[in-house]
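Notebook open, structure on screen.

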Amino acid sequence: GGGGAGGGGAPQQQRARPVIFPEIPREKFEFLPPMQRQTLARQMHNQKNIQNVNPAVVNAGRQAMELSLRLLAHKLVLRPRGPASFSVSQVLKMAWGIFQQAIGDGQLRLGTGVTSAHLTSVSLKQVIRDHANAGSDWPLVHEDRGLEGSQLAARLAGDLICELFPFIDMAKEAELLPPVLLPLILLVDNFEKNSWPAPMEIVTDTEHVHPAASFDLP
């Protein structure tokens with residue numbers, strides 16, 4: 001599979017937006033509060049039966065997820081200037097590592113009472129505005145090409161959902177969102193309100209690197 005190297009030149013509009021199917025162990029799913037569990041179950045159902053969801057809603061959700069991943073990569077990855085592209089699992093792995101570190105340092109001030117409506121209206125709109133102003137500098141994010149990366153992305157998405165869903169009050173509309181979107185926006189929202197952690201180095205050559213070595217916490 002040597003065709004992965006030269007695929008960066010496609011115009012942005014034609015790139016497929018990443019789709020993430022989170023992997024959530026049953027015991028973790030059962031551990032979620034009832035409201036969040038119900039929202040997640042509906043989100044997973046809608047994602048599996050995507051043909052029954054309004055295509056404009058599907059596209060908006062995927063675009064929001066892509067922009068959130070790109071913003072996280074822009075803020076959290078230490079990289080040389082110029083174009084960059086990371087896989088979903090690389091960005092999620094780093095977001096997860098920084099999330100755990102921020103919890104340990106007391107940098108994440110997660111209280112309950114953040115609503116899904118606030119995250120999708122106020123916080124997400126800010127991400128879209130930031131992208132309109134300076135998004136050309138943001139790295140691109142692509143789906144993982146190998147099974148190992150896809151499985152890692154699914155696992156990390158599930159971990160972020162299980163850790164962050166309990167802090168979000170869910171509205172009915174949240175059932176139409178990609179499952180990992182609200183946790184990603186909650187991270188962005190929290191770092192925007194408090195402060196962004198220092199960026200970290202990441203290994204960009206995904207084809208030849210073991211996922212466990214994708215980045216090292218300092």
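I started with the elements: the protein chain has 7 helices and 6 strands (DSSP runs numbered from the N terminus, helices being H or I with at least four residues and strands E with at least two). From the N terminus on, I read the order as α-α-α-β-β-α-β-α-β-α-β-α-β.

A note on the model before going on: it is predicted, so I keep in mind that local features need pLDDT of at least 70, that side-chain atom pairs count only at pLDDT 80 or more, and that totals for chains, interfaces and linings use all residues. Residues are numbered from 1 along each chain as its sequence is written, and side-chain values use heavy atoms, with hydrogens and water left out.

Whole chain. I looked up burial: 44% of the 218 residues count as buried (under 20% relative accessible area; over 50% is exposed, and partly exposed is in between, with a 1.4 Å probe and protein chains only). The exposed surface comes to about 11400 Å², with carbon and sulfur atoms supplying 53% of it (Shrake-Rupley method, 1.4 Å probe; for residues, only the protein chains shown count as cover). Next, contacts (heavy atoms within 4.5 Å): among those between residues at least 6 apart in sequence, 80% join residues at least 24 apart.

Core. A nonpolar core here is a set of buried Ala, Val, Leu, Ile, Met, Phe, Trp, Tyr and Cys residues joined through side-chain atoms within 4.5 Å. The largest one has 58 residues, and Ile20, Leu40, Leu69, Leu92, Leu184 and Leu187 touch the most other members. The elements giving two or more residues to this core are α2, α3 (55-76), α4 (88-105), α5 (116-134), α6 (147-164) and α7 (181-193). I noted that α4 gives the most, with 9 residues. I then picked Ile20: leaving out residues up to four places away in sequence, it touches Gln47, Met65, Leu69, Val88, Leu92, Ala153, Ala157 and Val180.

Cavity. The lining of the largest cavity has 18 residues, with Gln47, Ile50, Leu176, Leu177 and Pro178 nearest its centre. Both α2 and α3 give two or more residues to that lining, and α3 gives the most, with 5 residues.

Single residues. Asn46 sits in helix α2 (residues 34-48). Buried or exposed? Asn46 is buried, at 14% relative accessible area. Beyond its neighbours within four places in sequence, Asn46 contacts Val53, Glu175 and Leu176.

Val188 is in helix α7 and is buried, at 3%. Not counting residues up to four places away in sequence, Val188 touches Leu71, Leu72, Val127 and Trp196. For Val188 and Val127, 61 residues apart in sequence, I noted a C-alpha to C-alpha distance of 8.5 Å.

Last, Gly111 lies in the loop between α4 and β3 (114-115). Gly111 is partly exposed, at 36% relative accessible area. Its C-alpha is 9.8 Å from that of Pro166, 55 residues apart along the chain.

Key:
1 Å grid on protein atoms, 1.4 Å probe; cavity = no way out; pocket = protein on both sides within 12 Å on 5 of 7 lines; lining within 4 Å.
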